[in-house]
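Hello,

Here is the structure I promised to pass on to you. Please open it alongside this note, and my findings follow below.

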Amino acid sequence: MNSFRPADNGGTVGDAAFDVAPPSLTEAISSSDTVDSRATALVVEDDPTSAELLRLLLETEGFRVLTVVSGEEALDIAWRVPLSLITLNVHLPGLDGWKFLLKLHDSLGLASVPVIVIAGLADMGMALSRGAAAVLEKPLQQAELQTSLTLLGLRPAWPHTHTRTILIVDEDDETVNQVTAYLHEPAFHVESAATGAAGIVDAVTLAPDLILVNLKTEQLGGFKIVRGLQDHASTQHIPVLVLASVDLTNEEQDAIDSDPEQPVVAMNKPDVNREALLAEIQRALG
């Protein structure tokens with residue numbers, strides 16, 4: 001049986017003792033062909049102590065965990081095993097974490113796998129810009145890992161147990177696909193509309209839990225969409241998250257805040273990454 005002692009009060013992970021060695025990577029991959037309801041996490045870490053601590057923390061959260069020491073091995077595993085999460089140390093020999101992130105997000109079928117980067121604060125901006133879902137510092141904090149898993153919908157502590165329907169109103173297919181990749185089932189179900197008029201109709205018929213609107217939608221612009229939702233009794237209570245390419249002016253903010261019955265949150269489109277989006281969705285849904 002594994003013996004693991006986390007730090008008190010969600011602090012830094014404490015000492016760990018191992019009574020039984022974890023299964024070999026080959027055995028773990030082979031077991032993916034058997035019936036196992038657990039989500040699989042891949043730990044990419046060349047420091048054995050850090051890898052073991054991450055493995056135990058993730059197993060505590062209910063994951064089946066695979067560990068590798070290089071980016072090359074990680075890419076090979078990612079193609080062979082369906083993954084729900086990857087944790088990544090960016091400072092790896094050979095194919096480092098930055099190159100791994102780029103290759104992962106250039107690969108059809110792998111780009112939607114959330115990656116939590118284990119790095120310093122100095123690396124946070126680069127990690128998020130290259131597609132990381134979250135960035136955690138060493139020494140790893142158990143509470144911070146749990147918070148990131150919760151925001152990603154990968155932890156039972158996510159505050160809503162039923163599937164949330166999100167309606168995206170945006171004519172930009174790239175943005176729709178990016179946001180959809182961030183919102184995993186069963187926590188979320190995503191519908192989309194390419195025009196404002198279709199979005200208002202879908203909002204009435206679907207009654208989604210949240211509506212995400214691009215303010216720069218050309219047909220029936222974003223401000224008109226928000227006003228249209230506010231004018232309809234069946235949609236005026238639905239929270240709206242608007243994406244804007246630049247900061248809103250005071251007049252624009254007043255326009256989307258004109259109806260106190262409808263909570264509207266603005267988010268800069270260049271800042272859309274998985275963790276930031278999920279945090280805003282969680283805040284909007286209350």
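**Glycines in loops, then helices**

Gly153 is partly exposed, at a relative accessible area of 28%; here buried means under 20% relative accessible area, exposed over 50% and partly exposed in between, with a 1.4 Å probe and protein chains only. Gly153 sits in the loop between H6 and strand S8 (164-169), where helices (H or I, at least four residues) and strands (E, at least two) are DSSP runs numbered from the N terminus. This glycine follows H6 and has a positive phi, near 70 degrees. Its C-alpha is separated by 8.2 Å from that of Leu183, 30 residues apart along the chain.

Before going further, a word on the source: this is a predicted model, in which local features need pLDDT of at least 70 and side-chain atom pairs count only at pLDDT 80 or more, while totals for chains, interfaces and linings use all residues. Residues are numbered from 1 along each chain as its sequence is written, and side-chain values use heavy atoms, with hydrogens and water left out.

For the overall picture, the protein has 11 helices and 12 strands, and buried residues make up 46% of its 286 residues. Of the contacts (heavy atoms within 4.5 Å) between residues at least 6 apart in sequence, 67% join residues at least 24 apart.

Back to helix H6 (residues 142-151): Gln142, Leu145, Ser148, Leu149, Thr150 and Leu151 are buried there. These buried residues pack against helix H2 (48-60), strands S5 (85-89), S6 (115-118) and S7 (134-136), and H11.

H11 (residues 274-285) has 12 residues and spans 16 Å from its first C-alpha to its last, close to the 16 Å expected at 1.5 Å a residue (that is, 1.5 Å times one less than the number of residues). Its buried residues are Arg274, Leu277, Leu278, Glu280, Ile281, Ala284 and Leu285. Viewed down the axis of H11, they fall within an arc of 160 degrees, so they line one face of the helix; the arc is taken from the directions from the helix axis to the C-beta atoms.

How do H7 and H11 meet, and at what angle do they cross? The axes of H7 (residues 173-182) and H11 come within 10 Å and cross at roughly 75 degrees. The axes are lines fitted to C-alpha atoms over the stretch in contact, with angles from 0 to 180 degrees between N-to-C directions. The two helices are therefore roughly perpendicular, a label for angles of 65 to 115 degrees. Val179, Ala181 and Tyr182 of H7 make the contact with Arg274, Leu277 and Leu278 of H11.

Gly120, in the loop between S6 and helix H5 (124-129), is partly exposed at 29% relative accessible area. Leaving aside neighbours within four places in sequence, Gly120 is in contact with Val135 and Glu137. Ala194 lies between strand S9 (188-193) and helix H8 (196-206) and is partly exposed at 45%. Ala207, in the loop between H8 and strand S10 (210-214), has a positive phi near 50 degrees, in a residue other than glycine.

Best wishes

Technical notes: Angles under 35 degrees count as roughly parallel, over 145 as roughly antiparallel, 65 to 115 as roughly perpendicular and the rest as oblique.
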